[in-house]
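Welcome! Please take a moment to look over the sequence and the model, and then let us walk through them together.

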Amino acid sequence: MYELNELEKKWVAYKRQKLKKFTYLFAAFLLVAVVSSVLSAFFFTNKTVEANITATTQQQSPLEQNISLQKELVLSKFEPTTQNPITTHKEIVIVSPQENTQNFQTMQPIKEQEVQQQTAIPQVVIQKPKVQPKIFMETKSVNHLEYLEERQNKNPSIDNALTLASEYYKVGEYAKTLKWAMNANSQDSKNEKSWVLFAKASYKLGRKQDAINALERFNQTSPSDNVKNLINQIKNNEL
Amino acid sequence: MNSTSNFASAKELFVDENRNFADSDNEYILIDGVKEAYKKLLHAVEKPLKIILLYGYPGSGKTAMLHRLCANIKREDGQKVLHYPTPTFMRLEELVRIFKTNSRKRVAAEPTFFELMELFGATFKKDTFLVFLDEAQLYDDKEMEYIRLLSDTKIFKFVVALHKIDEEHLIAKAHFQSRIWESVELNPLTIDEFRFFIERKLLSKELNQTLSMFSAKNYKLMHKFTQGNIRESMKFMYKLFDFHEFLEKEKPSELNYKEFKTKHIEMVAIDSGYINV
């Protein structure tokens, strides 16, 4: 004899127990997932901040470059034109990276008479910079190509490969452009962009004929105006 | 045959087999693993070995195998087969009884073990005794030592069945290390063997309809509960059919005769103690 009601109750309790266990497991999994995503987000943010700091540090160089460019321009403009260096008045712009641009306004040129009295001393003329130095901020990650390559190695996709090829082409790394263009092409041989990048990189690496051959072969199977134009550009060395 | 009798008939097939060896209808199913072990054991018995060890986890089918082997063994000329399902062999009165049954010689009153050994040696020069000892883990060290001495006389050959948990203990004993020349292991049933076992049982009574109610999921679940243990499988199947027989009478709306419900299998597992709630 079986106590059906009793057994049924026990079975319901068992199912609840099982469900509870499953819920705990699921909750634990969810917790781990959330914690790991938060941690990864935290580390990623740190990395970006570091990258930005590096980028900002590097941004100082355009300023310096601008200033030195100004200096060079001014200096070249006032190169001695007469044979008598003593009577020559030199206008020298003293601009140092440490100085604030406002200083340019407060600094006054030395009077000509005084300069004449001090014939050996070149006249210092402070010129207002024609173009205010600008700070270009770039938030692009320094290692974005490495990141892209890592992502491509983990989850290979034609889009990633093409992006890599394109990015490497932009920074002038043509051998790597070739590599990723071929990688993309191996995934989809009909992809026009992979042929174009391959041809452009080949051309840049001095393999003009390879570039033309590749594009003509592609053009035979998939005629494209874009490819035709590129062939002409390469043939005429206009790339 | 209606469905009611199907569950009842199926239930009867899974009554503990060890209690039904006399029942000629109760088929000894040679599942792949069991078949291999059986052949190995049969072959070992035919060899001139002193002690053969048959081991496996409790409920793995050692007793049933010993019974079948006893019943089917091809007796050599002058060979006598003795089967001890319980540890009663190593008693002096039992040895005296064996001697008296097989010889007309007289035995002194209350002989010692060594006197009996000499008597066996002098009397049975050509005859041999093939002794099957089940539950051998229940013999104590002294009794085991006597068994070892008897095996050295070459008049006795032993087939010793014991639990695997005691295997190391037994083999570690110095007196067995050099004497066990063959050992046969019985492993738990795999899920396929379990399914085959149930199929063969049910088909032996032409319970095809009942058999068709089992799905692969059912087999998997039942195998999970019984862990491939033959004794546990028999017990579980008995309970399962018994429960369905009960449902059929008391709550027929619960049954659909197309498949065994997971719920019912789990309820049987709860009732049998496989699931603790």
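Two residues are in contact if their C-beta atoms, placed from the backbone, lie within 7 Å. Helices (H or I, at least four residues) and strands (E, at least two) are DSSP runs, numbered from the N terminus. Please keep in mind that this is a predicted model, in which local features need pLDDT of at least 70, side-chain atom pairs count only at pLDDT 80 or more, and totals for chains, interfaces and linings use all residues. Residues are numbered from 1 along each chain as its sequence is written, while chains are lettered from A and ligands numbered from 1 in the order in which they are written.

Let us begin with chain A. This chain has 9 helices and 0 strands, and its pattern along the sequence reads α-α-α-α-α-α-α-α-α. Of its 239 residues, 13% count as buried; a residue is buried if 20 or more other C-beta atoms lie within 10 Å of its own, exposed if 12 or fewer, and partly exposed in between, with the C-beta atoms placed from the backbone.

How confident is the predictor in chain A? The average pLDDT (the predictor's confidence in each residue, from 0 to 100) is 73, and 59% of the residues score at least 70. Within chain A, helix H2 (residues 103-106) has the lowest confidence, with a mean of 44, and helix H7 (residues 192-204) the highest, at 90. Over residues 78-110 of chain A the pLDDT is below 50, and this stretch has 42 contacts in the model beyond near neighbours in sequence.

Now find helix H5 of chain A, which covers residues 158-170. Its 13 residues reach 18 Å from the first C-alpha to the last, close to the 18 Å expected at 1.5 Å a residue (the expected span is 1.5 Å times one less than the number of residues). Its buried residues include A:Leu162, A:Leu164, A:Tyr168 and A:Tyr169. Among the elements that cover the buried residues of H5(A) are helix H4 (144-154), helix H6 (174-187) and H7 of chain A. After H5(A) comes A:Gly172, with a positive phi near 80 degrees.

Next, turn to chain B and its strands. Strand S1 (residues 51-56) of chain B is largely enclosed by the rest of the structure, because 6 of its 6 residues are buried. From S1(B), B:Ile51, B:Leu53 and B:Tyr55 point one way, and B:Ile52, B:Leu54 and B:Gly56 point the other way. Strand S4 (residues 156-163) of chain B is mostly covered too, with 7 of its 8 residues buried.

Two strands pair if DSSP finds at least two bridges between them. S1(B) and S4(B) run parallel and are joined by 6 bridges; B:Leu53 has B:Val160 as its bridge partner, and B:Leu54 stands opposite B:Ala161. S4(B) also pairs in the parallel sense with strand S3 (residues 128-133) of chain B, over 5 bridges, where B:Phe132 is partnered by B:Val159.

Finally, where do the two chains meet? The contact takes 8 residues from chain A and 11 residues from chain B. B:Phe243, in helix H12 (residues 230-250) of chain B, is in contact with A:Tyr2, as well as with B:His264, B:Met267 and B:Val268, leaving aside its neighbours within four places in sequence. B:Phe243 is buried because 21 other C-beta atoms lie within 10 Å.
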